[in-house]
Amino acid sequence: MAREDELIEQIKNGRRECLDELVEIYYPAILRYCLWHMPDRESAMDAAQETFLKLVRFLDRYEKRGAFRAFLYRIAANTCIDLKRRQPQTENLSEIMCETISVPEDGYRTAEDRQLLAGALTHLDNDGRELILLRYGQELTLREISAVTGLPLRTVQTRLRRAVKVLREAMR
């Protein structure tokens, strides 16, 4: 049984302190994901907090062993959509990408690479950017991406391959 599943069992059995450990494990990744989708850092932090509140509320719906990460990202995706509907604002994609995609610090070259990547990502549609973010920014497996997006596995593979190809061409 995965560590997340053990913690969830303990939470369901009344040990609420295990929720702190679950949040500690996933909060940084969920915040990075929310930064991608929300117009500013404050909204992203609100979305990340709301994600974990909804997790507690919907924890009884989680039944699939080993699929917790996909379950949590699905909640985060829906939370970001809900919050953006309430507060429509424009996003600065370049700024968000520079903040959310981690690259080892290497001085000027790293900053230049981040700007190049951010610019290349504007060539993708929203679905393509989402797949790139989930796969390379959040390091989800293709199966987890399929569960988060609701797309069949083969569709995820095909669209991700196409998005990577567009990125490569845009970065040349």
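**Exercise 1. Work out how helix 7 passes helix 8, and at what angle.**

Start with the handedness: helix 7 passes helix 8 in a right-handed crossing. Right-handed here says that the near helix is turned clockwise from the far one, left-handed that it is turned anticlockwise by less than a right angle. Helices are DSSP runs of H or I with at least four residues, strands are E runs of at least two, and both are numbered from the N terminus.

A quick word on the source: this is a predicted model, where local features need pLDDT of at least 70, side-chain atom pairs count only at pLDDT 80 or more, and totals for chains, interfaces and linings use all residues. Residues are numbered from 1 along each chain as its sequence is written, and side-chain values use heavy atoms, with hydrogens and water left out.

Next, the angle. The axes of helix 7 (residues 126-137) and helix 8 (residues 142-149) come within 10 Å and cross at roughly 140°. Axes are lines fitted to C-alpha atoms, for helices over the stretch in contact, with angles from 0 to 180 degrees between N-to-C directions. The two helices are therefore oblique to each other; under 35 degrees would be roughly parallel, over 145 roughly antiparallel, 65 to 115 roughly perpendicular, and the rest is oblique.

**Exercise 2. Find who touches whom between helix 7 and helix 8, and sort the residues by class.**

On the helix 7 side, look at Leu131, Leu134 and Arg135; they meet Leu142, Ile145, Val148 and Thr149 of helix 8. Contact is heavy atoms within 4.5 Å. Now sort them: five are nonpolar, one is polar and one is charged. The nonpolar class is Ala, Val, Leu, Ile, Met, Phe, Trp, Tyr, Cys and Pro, the charged one Asp, Glu, Lys and Arg, and the others, Gly among them, are polar.

**Exercise 3. Which residues of helix 7 are buried, and what follows the helix?**

The buried ones include Gly128, Leu131 and Leu134, where buried is under 20% relative accessible area, exposed is over 50% and partly exposed is in between (1.4 Å probe, protein chains only). After helix 7 comes glutamate 139, with a positive phi near 60°.

**Exercise 4. Describe the crossing of helix 2 and helix 4.**

Angle first: the axes of helix 2 (residues 17-37) and helix 4 (residues 68-86) come within 10 Å and cross at roughly 40°. These helices are therefore oblique to each other, and the crossing is right-handed. Among the contact residues are Leu22 and Tyr26 of helix 2, and Phe68 and Arg69 of helix 4. By class, this contact has 12 nonpolar, one polar and two charged residues.
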